[in-house]
Amino acid sequence: MSEAEKKAEIEAEKEEELDISSKLLSYYLIWSVMISLGVILFGTIEFLVTGSSGYVNLPITVLIKTGGPATTIFPHYVGPIVIGTLKLRSFAIIELGILLLILSPIGRIFLQILIYVKERDISYVAIATVVFLILIASLYLAKFVQ
Amino acid sequence: MLESALLYVLLIILASFFAGIIGSIAGLGGGVLIVPFLSLYFKVPISLAIGASIISVIATSSGAASAYVRDKISNIRVGTFLVLFTTSGAIAGAFLEPVAPARIIYLTFGTVLLISIIPLIMKLGEKVPKNVKNAPLAEKLSLNSHFYDSESGKELDYNVTGIKSGSAMMLVAGILSGLLGIGSGVFKVIAMDTFMRLPIKVSTTTSNFMIGMTAAASAGIYLFRGEVNPFIAAPVAIGVLVGAMVGSRILMKIRGNTVRIIFAIIIVAVAVEMLLNGVGIRV
């Protein structure tokens, strides 16, 4: 086998690897967003059908303008979101979907780390790992922001 | 009460759907359109509008990038490398947000929009930047690649340069993302297009791949702060996702130039609106 043929074979192998990892990543992207949005949609429909948020029920105009640290209106920490979901409260279910959506890019970068490990691409294993750690740190730091 | 709730939800879904289409084509999260829409038409407080928008950025990114990654238009290596800078910037930006007053946020938004027009117009007619040599770092990280261009029906090769200036711009983009609750795709596209000389379709689609991760870095902060109101964020996320999936299919078919012109007009209108709010005139 000549030098050129060898090179072409390596290139073709690289392309094939890229094909597989692109497909994997593409599937992950669409399914992660579909699952989180499905949960959000479920909560929204429940709210519209039952008319109950599962928390303090307020007129629409007030609901629109109320955010901030008002846990009586909707939960915004992991614990209360999980408890509210178990009690099938519509606003807790929506917030659970939102939490899943926020976590999905962390899963995406983790999948990338695995792909690069399999491809034995050390520099990108390092880059993806640092990004992964930054995203984890952002969730941890979130507790300290007011 | 329920009828008006349904109408409210449907209106926000519809508006977010269009924001999702435009966002996925132009490499933006669509937040740049959703935040002014929510605050101007629905009188949603700006902090809640931003909270809803940053969630929608993740939905747009995953919805559009799924198609772009599968068709290998997004450059995943470039995206992953640059996300290092945008995510660290985003954390810093989210910490700064509570001390930034609403008026300045409006003014910043308006200026961000105006700046984003320049590269849009300058790129008219260009397909693949010529005479670009790979930077040494690009060679090392094998950032250069190729993509299938549907207009000419050919695989086009491209090189990557300006890694340092591009990375610096990404840090700024990240800070803005955390501060304004936008994917700051405009700045990402400028960085890749102007500094790193990537082809325009590669720049916008790679930006789409990146904005979700940048937004995720600050979204947790908004969630725990209680600024992601389910009643607003849910319809926005649903509308934007469907829009992004439609938009990513449109991008493959239409000519880049047409989109640029329409988009430049929309951006001018919204920018003027926001700047007026910034100086205290409510439209």
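The legends below describe close-up views of a predicted model. Residues are numbered from 1 along each chain as its sequence is written, with chains lettered from A and ligands numbered from 1 in the order in which they are written.

**View 1. Fold of chain B.** Chain B has 11 helices and 2 strands (DSSP runs, H or I of at least four residues for helices and E of at least two for strands, numbered from the N terminus). Along the sequence the order is α-α-α-α-α-α-β-β-α-α-α-α-α. Of its 283 residues, 60% count as buried (20 or more other C-beta atoms within 10 Å of the residue's own; exposed means 12 or fewer, and partly exposed in between; C-beta atoms are placed from the backbone). Among contacts in chain B with a separation of 6 or more, 82% join residues 24 or more positions apart (a contact means C-beta atoms, placed from the backbone, within 7 Å).

**View 2. Helix H2 of chain B.** This helix spans residues 31-41 and is largely enclosed by the rest of the structure, because 9 of its 11 residues are buried. The buried residues include Gly31(B), Ile34(B), Pro36(B), Phe37(B) and Ser39(B). Lys43(B), which follows H2(B), has a positive phi, near 55 degrees.

**View 3. Packing of H4(B) on H9(B).** Helix H4 (residues 76-96) and helix H9 (residues 200-224) of chain B pack at about 30 degrees, with axes 8 Å apart (lines fitted to C-alpha atoms, for helices over the stretch in contact, with angles from 0 to 180 degrees between N-to-C directions). The two helices are therefore roughly parallel (angles under 35 degrees). Residues of H4(B) in this contact include Leu82(B), Thr86(B) and Ala90(B), and those of H9(B) include Phe209(B), Met213(B) and Ala217(B). The contact residues divide into 12 nonpolar, 7 polar and no charged (Ala, Val, Leu, Ile, Met, Phe, Trp, Tyr, Cys and Pro are nonpolar, Asp, Glu, Lys and Arg charged, and the others, Gly among them, polar).

**View 4. Chain B against chain A.** Here 59 residues of chain B touch 54 residues of chain A. On the chain B side, helices H1 (2-26), H3 (46-70), H4, H9 and H10 (230-253) each supply at least two residues. H3(B) gives the most, with 12 residues. This side of chain B has 40 nonpolar, 14 polar and 5 charged residues.

**View 5. Confidence in chain A.** Chain A averages a pLDDT of 84, and 88% of its residues score at least 70. Confidence in chain A is lowest in helix H2 (residues 60-65), at a mean of 68, and highest in helix H4 (residues 90-118), at 93.

Note on methods:
Predicted model: local features only at pLDDT ≥ 70, side-chain atom pairs only at ≥ 80, totals over all residues. pLDDT = per-residue confidence, 0-100. Parallel < 35°, antiparallel > 145°, perpendicular 65-115°, else oblique. Contact = placed C-beta atoms within 7 Å.
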